[in-house]
Amino acid sequence: MNENKPYMDLDSDDDLPDLATPEWQAKFAQVPVQRGRPKAAVTKISTTIRLDPDVLAAFKADGPGWQTRINQALRKSVGLE
């Protein structure tokens, strides 16, 4: 029922290119490094805030985006919107 798969020699690197050659190093140098999410023009600051449970429940009750809605409410309350 279970047949053995043919043995593969993982130590054999005959078909692998040598990535240390100047040709490959030049190709690697040209490629821009892109990791993660692109940075926003204005980034936000992570902080901890204590809220009353009923206030937090009210924002979360409206579904995803509750942190954004809290931010909008705070901006409005301090006159930034």
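The legends below describe views of a predicted model.

**Figure 1. Overall fold of the protein, with 3 helices and 0 strands.** From the N terminus on, the order of elements is α-α-α. Of the 81 residues in the protein, 2% are buried. The accessible surface amounts to about 8600 Å². Carbon and sulfur atoms account for 54% of that surface.

**Figure 2. The largest pocket, with a volume of about 420 Å³.** Its lining consists of 13 residues, and those closest to the pocket centre are Ile45, Thr47, Gln67, Ile70 and Asn71. By class, the lining of this pocket comprises 7 nonpolar, 5 polar and 1 charged residues.

**Figure 3. Helix α3 at the largest pocket.** Helix α3 spans residues 66-77. This helix supplies 6 residues to the lining of the largest pocket, the largest share from any element. Gln67, Ile70 and Asn71 are among the lining residues closest to the centre of the pocket.

**Figure 4. The second largest pocket, with a volume of about 240 Å³.** Arg37, Pro38, Lys39, Ala40, Val42, Thr43 and Lys44 form the lining. Divided by class, the lining of the second largest pocket has 3 nonpolar, 1 polar and 3 charged residues.

Note on methods. Residues are numbered from 1 along each chain as its sequence is written. This is a predicted model: local features need pLDDT of at least 70, side-chain atom pairs count only at pLDDT 80 or more; totals for chains, interfaces and linings use all residues. Side-chain values use heavy atoms; hydrogens and water are left out. On a 1 Å grid over the protein atoms alone, a cavity is a set of points where a 1.4 Å probe fits but cannot get out, and a pocket is an open set with protein on both sides within 12 Å along at least five of seven lines; lining residues have an atom within 4 Å of a point. Grid points are joined across faces, edges and corners, and a volume is the space filled by probe spheres set on the points. Helices (H or I, at least four residues) and strands (E, at least two) are DSSP runs, numbered from the N terminus. Ala, Val, Leu, Ile, Met, Phe, Trp, Tyr, Cys and Pro count as nonpolar, Asp, Glu, Lys and Arg as charged, and the others, Gly among them, as polar. Buried means under 20% relative accessible area, exposed over 50%, partly exposed in between (1.4 Å probe, protein chains only). Accessible areas come from the Shrake-Rupley method with a 1.4 Å probe; for residues, only the protein chains shown count as cover.
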